[in-house]
Amino acid sequence: MDILFCTVPGTFSSRPPLSLAVLKACAQQAGFTASTIDLNIEIVNQITHNPHSKELELFFKQQVIGNVGDAVADLVEYCVDRIVAANPRILGLSLLTQENQFFATWLCYHLRFRTPNIRIVIGGSGIKTFIAQPTVDFAEFLKSNCLIDDYINGDGEYSVVEYLRNNHSAPGINTSNWQQIDDLNQLPFPDFDDYNWSQYSDLGVPICDSRGCVRTCEFCDVIEHWTRYKYRSADSIFSEMLHQIQRHGITKFLFYNSLTNGNMKEFNRLLDKIIEYNQTHADPIFWDGYFIVRSAKQHPESFWKKISLSGGFLQLGIESVVEKVRISLGKNFTNEDIDYHLLMAKKYHVPLMLLMIVGYPTESREDFEFTKQWFLDREEYARVPIKNVVLSLAAILPNTQLDRRKQQYGIIQGEIPTIWIAQQSIGTAERVAHHDSLARLILAMGMGANIGNNSVEVARKETA
Amino acid sequence: MTVELMLQGTALNSNGSMSVQISDHTGVRYFNDSFDPGSIAITCCIAWPTCVTIELGNKNSADTVIDNDGRVVANKAIEIDAILINRFPVQYELMESQFDCTHQGSDTVTHENFWGFNGQVRMVFDQPSPMHYMLALKNPFEIKRLSWVDK
């Protein structure tokens with residue numbers, strides 16, 4: 001086998017990854033033999049049933065505590081055994097986030113001992129500490145210690161093929177310079193044939209319809225990484241859906257993107273195609289994806305009906321319910337627009353997930369209270385349509401517009417992105433307390449609250 | 001299987017340098033009896049698992065010179081400040097405990113990183129792999145994360 005693509009454990013997600021299937025398809029299309037193993041889900045499922053599960057989760061946060069050493073060694077050994085059994089010429093490790101870095105280090109360390117002849121190349125946004133930073137720090141750290149041979153930075157679909165052709169001067173290979181893919185329609189459909197779907201408790205076929213974003217929110221690092229919004233045509237996306245349904249019999253699709261409704265023309269066309277499919281098939285298509293709020297004029301009632309008939313589950317980036325805060329950070333819609341979306345979603349049974357940033361630099365204590373009251377005043381939307389709310393602590397991420405405006409906001413930055421103090425003198429500890437208070441309220445109202453965010457735990461620990 | 005063992009430190013010379021011979025269970029892997037004074041890196045490949053024996057020699061009583069105030073003004077020794085296995089360091093605080101030292105003419109085992117004596121230093125690598133060894137030590141791999149790296 002020319003190349004084996006594996007995820008690196010550390011992403012505590014129950015969803016399938018997309019990267020492996022995309023890269024496999026690209027390699028195969030170019031005539032190379034390739035296979036995939038989602039080591040992440042295999043290890044996550046093992047940890048869940050391990051008596052040392054708590055200690056093992058802490059291991060991923062760089063703490064080797066208690067008598068967890070043997071259990072960790074077993075996990076790493078398991079991964080190496082899986083890789084060795086596949087006998088690849090090249091191993092491609094995919095790191096989704098920095099959460100994968102600690103395990104990646106141990107894995108590469110042991111791989112070098114067990115199989116020094118396998119060439120190791122790593123890629124994915126986790127090869128840096130932050131996606132928008134200019135240097136590829138983690139990958140360089142591994143490379144300088146001879147734990148990997150090479151890395152691919154940025155979009156890897158074409159670069160990995162060039163890498164397999166031994167062209168190491170292609171964009172992104174062992175360099176911070178890379179090129180965003182211009183035409184996503186030209187990429188082959190992802191190849192999920194090696195996936196064991198039964199391993200995923202949140203099952204769906206991942207699909208990428210776009211990269212980048214049409215908005216320019218100041219806190220966002222994705223727009224600093226993918227600086228141009230690139231989207232696929234409805235025809236291309238729908239063809240891929242039909243291909244995957246035929247191949248795997250799964251009709252739920254998970255859009256891995258920043259937004260599904262960036263190009264309204266193509267999005268509407270896609271909805272029409274899905275609706276047509278759903279009206280003629282016993283197993284309808286369902287999908288979920290990020291969705292930006294717009295005015296009622298741009299998202300008329302007929303549009304909501306289409307989202308409902310297409311089986312959509314929307315993840316709305318609300319960020320702040322304080323209108324002036326939200327608009328100034330780059331989300332240019334009113335509270336009236338949010339209420340309209342809640343009303344329409346309820347009317348047409350479109351489930352929603354709200355994404356919120358807690359304690360934005362421009363928020364005041366009064367805004368905290370307003371936020372809680374805002375939720376209380378919308379109790380009628382709890383559960384239907386608001387299934388859950390994801391709360392993230394405001395973070396100053398490197399190379400974002402917010403980072404560049406620190407002086408303007410009077411922000412004094414701490415050592416990590418969620419540790420900072422602003423003009424209002426609301427410190428991290430108070431923001432964490434507000435986060436916890438809001439989470440309790442949301443849970444009490446019957447909505448799910450995603451509060452296990454690692455950044456909150458890190459901030460809590462730092463301010464304890 | 002083999003691994004790279006590196007001992008980093010400082011050579012103090014007085015009437016020449018200490019001699020160092022490193023052996024694993026397969027034979028001699030390293031020898032040097034003329035270190036330049038200053039920073040040194042002793043690098044060799046060793047079998048794994050194994051027990052490494054480091055023979056120290058060339059030290060004479062005249063090599064240590066003490067002035068009238070009791071200060072050491074010249075000495076012959078090697079001071080180790082890092083153990084790296086396949087380029088990864090053992091945490092400094094854990095390092096001394098890895099050296100089982102026996103001074104010539106004594107049966108007492110001490111744990112020292114200042115080798116200004118003739119005798120033997122043993123390092124026991126009986127774990128199945130360097131990874132197992134590092135985990136058994138609870139040796140952390142320090143990776144900078146969640147921090148500002150580009151400022």
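**Figure 1. Chain B holds 2 helices and 13 strands.** Helices (H or I, at least four residues) and strands (E, at least two) are DSSP runs, numbered from the N terminus. The model is predicted: local features need pLDDT of at least 70, side-chain atom pairs count only at pLDDT 80 or more, and totals for chains, interfaces and linings use all residues. Residues are numbered from 1 along each chain as its sequence is written, while chains are lettered from A and ligands numbered from 1 in the order in which they are written. The C-alpha atoms of chain B fill a box of roughly 55 × 45 × 25 Å along the principal axes. Of the 151 residues in chain B, 28% are buried. Buried means that 20 or more other C-beta atoms, placed from the backbone, lie within 10 Å of the residue's own. Take the contacts in chain B with a separation of 6 or more: 64% of them join residues 24 or more positions apart. A contact means that two C-beta atoms, placed from the backbone, lie within 7 Å.

**Figure 2. Strand β1 of chain B pairs with β4(B) and with β8(B).** Two strands pair if DSSP finds at least two bridges between them. β1(B) spans residues 2-12, and β4(B) spans residues 38-47. Their pairing is antiparallel, over 10 bridges. Find B:V3: its bridge partner in β4(B) is B:I46. β8(B) covers residues 77-85 and pairs with β1(B) over 8 bridges, again in the antiparallel sense. Here B:T10 has B:E79 as its bridge partner.

**Figure 3. Six strands of chain B form an open sheet.** Follow the order β3-β2-β5-β13-β10-β11. The pairing is antiparallel. β3 (27-32) and β11 (109-110) of chain B stand at the edges, each with a single partner strand, so one side of each has no neighbour in the sheet. B:C101 stands opposite B:T110 in β11(B).

**Figure 4. Helix α7 of chain A has four buried residues: A:S159, A:V160, A:Y163 and A:L164.** The helix runs over residues 157-164. Just after α7(A), A:N166 takes a positive phi of about 70 degrees.

Definitions and conventions. A residue is buried if 20 or more other C-beta atoms lie within 10 Å of its own, exposed if 12 or fewer, and partly exposed in between; C-beta atoms are placed from the backbone.
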